[in-house]
Amino acid sequence: MNINARQIQSFIRVAQLGSFTEAAELLHMTQPSLSHQIRQLEHTLRIKLFERTTRRVVLTEAGQTFLPAAERILTRLESALRDMHNLADGHTGRVSFAALLTVGASLIPAAMAEFQRQHPKVTLEYLEESDEPIYQQVINGDIDFGIGAMPRQVEDIIFSPIYKDYLYFVCSPRHPLAEYSEVSWHEIVQSPFIAMKTGTSMRNLMEQGFSMTSVPMEPVQTAIYQSTILGMVACDLGVSVVPSSMKLMFERNDVCLIPIKERLFRDIGLMVAQKRPLSKAAQELVNVIMQVVGENRSLLPRSD
């Protein structure tokens, strides 16, 4: 069956107006073109839909039966087209993304709130992950994009740096280095050290810092979460280093965050699959995240 929307629309307008001339004007068509659309529809349905009188065009019994169904079809089609236009324009749809805990707990909530204010009909699905899972989910197409540390391998993804996440030395207020305005890795390694688990960008940076000294890294404790490290440090179980984004997460009086002379950092950025461009809604969310990062730039450390 070969019935198109133009034929349905033409039939409904002629039925409503009772005139081919008025319907053609309303549809911005010539009358011969409108008549052709109706003939094609009648041919496909194999039944006559209109009777012409000396004054008006009236529906046949078949036309009266078909009219309600035609109106439902056109209404549903127009609704579907509006939904597709809204989806294409980023007004509706679903965006799934993941970010590191330190980014998610500090910058992401503000971005999500602003985005939902601008696009209330878009559903957001947010995941907190560590480095490798974010990369893998972007590659596998499980999420639209990720925000995290630049992976060691950047095949199949486009990585766009957002900001540099510098390391800070963290100790309790009772530690001998607590009053220092800046410390070096040579000073850090003299105290019991609490490390992040292996395979993370933070653990890699910790190992890089220790490599600047002659002291091997032998952690007294290993943690999965930065918040756990802060808790251990506050209880004098050791010292550690944390990313600058932690400054946006916590304002604590039981730990001291001190700049490190050797400016080690990780690039935090956007990860998008090379072969899968972002939807309009996803791109809008990225724009809002970038706006929030810019507004909080003063809270992030500089390289000097």
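**Aromatic pairs and nonpolar cores**

Phe11, Phe20, Phe50 and Phe66 form one aromatic cluster. The model is predicted: local features need pLDDT of at least 70, side-chain atom pairs count only at pLDDT 80 or more, and totals for chains, interfaces and linings use all residues. Residues are numbered from 1 along each chain as its sequence is written, and side-chain values use heavy atoms, with hydrogens and water left out.

Aromatic rings

- The whole structure holds 9 aromatic pairs (Phe, Tyr or six-membered Trp rings with centres within 6.5 Å; planes under 30 degrees apart are stacked, over 60 edge-to-face, the rest tilted).
- Phe97 and Tyr126 make a tilted pair, because their ring centres are 5.1 Å apart and their planes stand at 40 degrees.
- Phe97 is in strand β3 and Tyr126 in strand β4, so this pair ties together parts 29 residues apart in sequence (strands are DSSP E runs of at least two residues, helices H or I runs of at least four, numbered from the N terminus).
- Phe97 is buried at 0% relative accessible area, whereas Tyr126 is partly exposed at 24% (buried is under 20%, exposed over 50%, partly exposed in between; 1.4 Å probe, protein chains only).

Nonpolar cores

- The largest nonpolar core has 36 residues, of which Val95, Val103, Phe145, Ile147, Leu285 and Ile289 touch the most other members (a core is a set of buried Ala, Val, Leu, Ile, Met, Phe, Trp, Tyr and Cys residues joined through side-chain atoms within 4.5 Å).
- Helix α12 contributes the most to this core, with 8 residues.
- A second, separate core of 35 residues includes Val183, Met196, Met246 and Ile260.
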